[in-house]
Amino acid sequence: MNWHAHTLSAGSHAADVQIRNVSRHYEGGVALDRASLSIEPGEVMAILGPSGCGKSTLLRLIAGLDTPTAGEIEIAGETVSRPGRITPPERRPVNMVFQDFALWPHMSVEAIIRFGMKHRGVPKPIWHSRIEELLAMLDLGGMGKRYPRQLSGGQQQRVAIARALATDPQVLLFDEPLSNLDAQLRTQMRIEIAELLQRLETTAIYVTHDIQEAVALGRRLVVMRSGRIEQIGSVREVFQAPASQWIAGLVGYSDSLRGVVEQVQGKVLVIALGDGSSLALHSGDPALTPGTRVALRIRPESIRLLTEDESAHSGERVVNVRVTKCSFEGHKWRVLGDVAGQSITFFSLHPLDAAGVTRVAVDCNGVCAFQEGDPEERDRACLEGAVESAVAMQTA
Ligand code: ADP
Ligand code: MG
């Protein structure tokens, strides 16, 4: 895409968005439950969560397409939504890119882009030049007279982006804009949209159920589940100190092992797994005192197979694993092993003998612990300390 052509907003009037205790109830249910979120001017924030967790509801409320049943939303210092009273969408400095593109089939590309500007009161004399500018910027040069059906999926999505940009919004909302594209195009468009957002410096909120998209697009992540915000943090914070076991699973921590806190050495915890095996991890959670029973989650990539005389690096801990199963996955072997009667997964570049015992080194940055039997609420309460210490450890 040719970003250099554009003269649209470059951060000059990016707006902040404040979401305060916003809920959206429906008869018989709640789509969004007391969400609070503060988005800085120019920030690109990704909202990640499974289908049905309330992502679109949140975006629609910000866009003014829906009214909250509780709470309020402020954009650029102005309250735009509160129960029973909303500023209509066209009077908000916001525009949205929809999942299904929402292009009108009977209109040409030019007409589609022009329609938004007309509707939002962009002065007529600049329509033509802005359409040309956007078409060039989004690699749609010469396609202004075409109809949506004459465009590929990727081109249709670019038209949807052009239409949203045409009104020069201070806040851009993306609702899973790539989920109707094939895998290869999705990867390419993900990179292009990330570049676009970097260049525009507009505030952007990007909703997705795809972790890779969320990481590529957002500097901060909001993780949602069942209508609630479960964690807000930088990509790194969410990956290193997931606020709940559920989030740990979402960001790639697989196995869950049981253990007991054996020692606390500053922010390093040693967890006994039984049979004399133990693992270490970083945690600032004050609830994890010696004797506490914990569930451990481990990233398979942080388990490294050791050769016979190889020793662990600092920050790693050696564990003996009895191999139970080894299956080929095209370019590596997935190994299922047993440690103190519990199963553990890791990868190997060559097959391992089933029933053989092998040594592995486990990187303590790839392990996180949750108090056993702990409701997810507790995980959340402990989050702040855990994030701080884990990040401090990493940067130290
Ligand atoms: P997501 O975009 O994360 O997939 P949505 O925000 O679309 O989720 O929906 C969140 C929840 O709200 C879902 O359980 C959905 O069924 C419910 N919901 C959405 N719109 C309505 C509606 N108009 N009436 C009743 N329930 C709705
Ligand atoms: Mg949705």
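**A predicted chain, from a loop glutamate to its ligand**

The backbone nitrogen of E40 and a polar atom in the side chain of E43 are 3.0 Å apart. E43 sits in the loop that links strand 2 (29–39) to strand 3 (44–48). Leaving aside residues up to four places away in sequence, E43 touches S38, T202, T203, A204 and R220. For a sense of distance, L181 is 138 residues from E43 along the chain, and the C-alpha atoms of the two are separated by 26 Å.

Stepping back, the whole chain can be described in a few values. The chain contains nine helices and 21 strands, and its C-alpha trace spans about 75 × 45 × 40 Å along the principal axes. Of the 396 residues in the chain, 50% are buried. Among contacts between residues at least 6 apart in sequence, 67% join residues at least 24 apart. The chain exposes about 17,700 Å², and 49% of this area is supplied by carbon and sulfur atoms.

Strands of a sheet pair through backbone hydrogen bonds, in either a parallel or an antiparallel manner. Here, five strands form an open sheet in the order 14-13-12-15-21, and their pairing is antiparallel. Strand 14 (277–282) and strand 21 (367–371) are the edge strands, each pairing on one side only. From one strand to the next, the twist averages 45°. Within this sheet, strand 12 (residues 256–265) and strand 15 (residues 293–298) run antiparallel and are joined by five bridges. S256 has R297, in strand 15, as its bridge partner.

Among the helices, helix 2 (residues 109–119) can be followed residue by residue. Its buried residues are V109, E110, A111, I112, I113, G116 and M117. These buried residues pack against two other helices, namely helix 3 (127–137) and helix 4 (153–166). Just after helix 2 comes G121, which takes a positive phi of about 75°.

Finally, the surroundings of ligand 1 can be examined. The residues around ligand 1 are Y26, A31, P50, S51, G52, C53, G54, K55, S56 and T57. Helix 1 (residues 55–63) provides the largest share of this shell, with three residues. Several side chains come within polar reach of the ligand. In the side chain of Y26, an N or O atom is 3.3 Å from a nitrogen atom of ligand 1. A polar atom of the K55 side chain lies 2.9 Å from an oxygen atom of the ligand, and an N or O atom in the side chain of S56 is 2.8 Å from an oxygen atom of ligand 1. On its own, ligand 1 has 560 Å² of accessible area, of which the protein covers 54%.

Notes. Residues numbered from 1 in each chain as written. Chains lettered and ligands numbered in written order. Predicted model: local features only at pLDDT ≥ 70, side-chain atom pairs only at ≥ 80, totals over all residues. Heavy atoms only, no water. Buried < 20%, exposed > 50% of the residue type's maximum accessible area, 1.4 Å probe, protein only. Helix = DSSP H or I, 4+ residues; strand = E, 2+ residues; numbered from the N terminus. Contact = heavy atoms within 4.5 Å. Pairing = 2+ DSSP bridges. Axes fitted to C-alpha atoms, helices over the stretch in contact; angles between N-to-C directions. Near = heavy atom within 4 Å. Polar contact = N/O pair within 3.5 Å; in protein donor to acceptor, adjacent residues only side chain to side chain. Areas by Shrake-Rupley, 256 points an atom, 1.4 Å probe, with all protein chains shown as cover.
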